[in-house]
Each structure stands twice: as structure tokens, then as C-alpha cells.
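Please keep the sequence and the picture open while reading.

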Amino acid sequence: MTVNQLRIKYADVFGEGTNGRNKVWLLKRIAWRMQANEEGDLSERARKRAIEIANDADLRMLPPRRPKLSADSSERTVTKKIGIAQSNELLPGTKLQRVYKGETFSVTVLESGFEFQGERFKSLTAVAKAVTGKHWNGFHFFGLRQPRSAK
């Protein structure tokens, strides 16, 4: 058997893969597991002795290496949440409407500025001020941006 065939057999017998590629070690492990499956596992005396030996042995300080992922593995794809900056840009020709005190107001977005009732304004804020007579943020007035408390 080749090493790759032994690794497949190892995974079949143990139910999990191995990083080991030593042919002799793989043969011994597979043979031991197959024998243990047929004739039973270690005796109670052997288990106690193994625990005694394990208590005296050095502990592994590093975790085993992670197996390399295949090219089509879903774990290779990293998904992150990204923040998209809010844009204040409106496309020319867009029409905005707002009902204010029972009256509907329409604004058309131009290449540079806004048209409202035949007049040209530099900003939506200027349009909102013309409608209400007070200072309003134009994006808030036309519902293009939610207030901070609503976020």
C-alpha cells in the first residue's frame, strides 16, 4: 500500500484524517485499531498504566497544524462586513417631493444645484429654507437621510 492509501485507510478506521505520512507509523496505528475493534480495547490494567505514564510525560505545547484547505473549500472565503460611506450625490434629473403642511413641493436635481418653482438653488438646504422659512438640513427635509436617533 502507498502512503496515500494508508492515510485513506486510517481515516476509514479511525473516523478522522491524519497529518502523518510515515508509512510504518500508519501501518502500526491501523493494525492496532483494527485489532482493538475486533478483540476489544485495552484492559483496565493497561489503561491505568497508560494514565500513569501519561502523567509523567511532557505535554504537547502547540496544537497540531491545521490541514491545508482545498481550493474549493468554503472556509477559504473570508466574509467581512464593510461600511459604505453615505453619499450625498443625487443623479441629475431626479425629482424629489415633500408634503409640508398639506402642500406638495417638488424639486428637480440639476447638474449643479436644484430647481424649485422655477428658481435655481445651490443646495437642498436652501430649498428647504425657501419652503419652510427656517433652516433645515435639505437631506433630512426631503427624507433622504434619517435623523441620528433613528439609526
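1. Helices and strands here are DSSP runs, numbered from the N terminus, where a helix is a run of H or I with at least four residues and a strand is a run of E with at least two. With that naming, the place of Lys101 is in the loop between β1 and β2. This is a predicted model, in which local features need pLDDT of at least 70 and side-chain atom pairs count only at pLDDT 80 or more, while totals for chains, interfaces and linings use all residues. Residues are numbered from 1 along each chain as its sequence is written, and side-chain values use heavy atoms, with hydrogens and water left out.

2. How do α1 and α2 pack? Two packed helices are described by the angle between their axes and the distance between the axes. Axes are lines fitted to C-alpha atoms, for helices over the stretch in contact, and angles run from 0 to 180 degrees between N-to-C directions. Helix α1 (residues 3–14) packs with helix α2 (residues 23–39) at an angle of about 30°, and their axes are 10 Å apart. The two helices are therefore roughly parallel to each other, a label for angles under 35 degrees, where over 145 is roughly antiparallel, 65 to 115 roughly perpendicular and the rest oblique. The crossing of α1 and α2 is left-handed, meaning that the near helix is turned anticlockwise from the far one by less than a right angle (clockwise would be right-handed).

3. On the α1 side the list includes Leu6, Tyr10, Val13 and Phe14, and among their counterparts in α2 are Trp25, Leu26, Ile30 and Met34. The residues of this contact divide into 10 nonpolar, 1 polar and 5 charged. In this count Ala, Val, Leu, Ile, Met, Phe, Trp, Tyr, Cys and Pro are nonpolar, Asp, Glu, Lys and Arg are charged, and the others, Gly among them, are polar.

4. Asn22 is found in the loop between α1 and α2. Asn22 is partly exposed, with a relative accessible area of 45%; buried means under 20%, exposed over 50%, and partly exposed in between (1.4 Å probe, protein chains only). The C-alpha atoms of Asn22 and Pro63 are separated by 19 Å, and these residues are 41 apart along the chain.

5. The strands form an open sheet of 4, in the order β1-β2-β3-β4, with antiparallel pairing. β1 and β4 (119–121) stand at the edges, each with a single partner strand, so one side of each is left without a neighbour in the sheet. The twist averages 30° from one strand to the next. Helix α4 (residues 124–132) packs on the sheet and touches β1, β2, β3 and β4, its direction making about 25° with that of β3.

6. Strands pair here if DSSP finds at least two bridges between them. Strand β1 (residues 95–100) and strand β2 (residues 103–110) pair over 6 bridges, and Leu96 has Val107 in β2 as its bridge partner. β2 and strand β3 (residues 113–116) pair over 3 bridges, with Val109 opposite Phe114 and Leu110 opposite Gly113. β3 and β4 also pair over 3 bridges, and the partner of Phe116 in β4 is Glu119.

7. Which residues in the hairpins call for a second look at their phi values? Most residues other than glycine have a negative phi, and most peptide bonds are trans. The hairpin of β1 and β2 has 2 residues between the strands, and Lys101 in its turn has a positive phi of about 55°. Lys101 is exposed, with a relative accessible area of 74%. In the hairpin of β3 and β4, which also has 2 residues between the strands, Gln117 takes a positive phi near 50°, and at 60% relative accessibility Gln117 counts as exposed. A hairpin joins β2 to β3 through 2 residues as well.

8. Lastly, Val78 has its place in the loop between α3 (44–56) and β1. At 65% relative accessibility, Val78 counts as exposed.

Conventions: Contact means heavy atoms within 4.5 Å.
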